[in-house]
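Please consult the sequence and the structure shown below while reading.

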Amino acid sequence: MDSAGQDINLNSPNKGLLSDSMTDVPVDTAVAAQTPAVEGLTEAEEEELRAELAKVEEEIVTLRQVLAAKERHCAELKRKLGLSALEGLKQNLSRSWHDVQVSNAYVKTSEKLGEWNEKVTQSDLNSATFKSFEDRVGNIKSKVVGGRANGTENRPSPTGSGSKPLPDPTPF
């Protein structure tokens, strides 16, 4: 059985022996020995804490090795299934966007923005500024599109002498 596929028993005497390519995170016991002990600890308590610390650090190294082995195994399974990193990214982004869209904050914000948009649109459509803008855009459109929309080539004269604005055959 290959090392990537096997589980590691943390209580086994062989723990941490996943593969030769794995690197251990160094544990600097010299630094721990140089730091003064907290006041009120006996030498026995201090030694017990140091032993526990060494054990926990060893377990952390083992867990990192296990995680690396599981990640390699996961990558191998994905490769065999034909799943690419890009597909995984697409799925994650899609799932994240969906989660955002169904969140309370997004829904409430979207509703408020819709209400504001409706109010602003209604007030703007009735304003004199919008009416003036609409008229100007209509005039420009009629000059640009002019008679070409209905097949004729009637264009207003560049000097504007005696020409009337052409009727707008298409609604905006």
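## A nonpolar surface patch

A nonpolar patch on the surface is formed by Trp97, Val100, Tyr106 and Val107, which together have about 340 Å² of accessible area. Patches consist of residues with over 30% relative accessible area and no salt bridge, where like charges are joined within 9 Å and nonpolar side chains (Val, Leu, Ile, Met, Phe, Trp, Tyr) within 5 Å. A salt bridge is a side-chain nitrogen of Lys or Arg within 4 Å of a carboxyl oxygen of Asp or Glu. Accessible areas come from the Shrake-Rupley method with a 1.4 Å probe, and for residues only the protein chains shown count as cover.

Helices α3 (85-101) and α4 (104-125) each supply at least two residues of this patch. Tryptophan 97 belongs to helix α3. Tryptophan 97 counts as partly exposed because its relative accessibility is 47%; buried means under 20% relative accessible area, exposed over 50%, and partly exposed in between (1.4 Å probe, protein chains only).

## Basis and confidence of the model

The model is predicted: local features need pLDDT of at least 70 and side-chain atom pairs count only at pLDDT 80 or more, while totals for chains, interfaces and linings use all residues. Residues are numbered from 1 along each chain as its sequence is written, and side-chain values use heavy atoms, with hydrogens and water left out.

The protein chain has a mean pLDDT (the predictor's confidence in each residue, from 0 to 100) of 74, and 60% of its residues reach 70 or more. Confidence is lowest in helix α1 (residues 29-34), at a mean of 54, and highest in helix α2 (residues 43-81), at 94. Over residues 1-7 the pLDDT is below 50, and this stretch has 8 contacts (heavy atoms within 4.5 Å) beyond near neighbours in sequence.

## Overall fold

The secondary structure comprises 5 helices and 0 strands, where helices (H or I, at least four residues) and strands (E, at least two) are DSSP runs numbered from the N terminus. Of the 172 residues in the protein chain, 8% count as buried. The chain exposes about 14,400 Å², of which carbon and sulfur atoms supply 57%.

## A buried serine

Serine 142 is located in helix α5 (residues 128-145). Serine 142 is buried because its relative accessible area is 6%. A polar atom of the serine 142 side chain lies 2.8 Å from the backbone oxygen of asparagine 139.

Terms used: A polar contact is a pair of N or O atoms within 3.5 Å; within protein, one must be able to donate a hydrogen and the other to accept it, and residues adjacent in sequence count only if both atoms are side-chain atoms.
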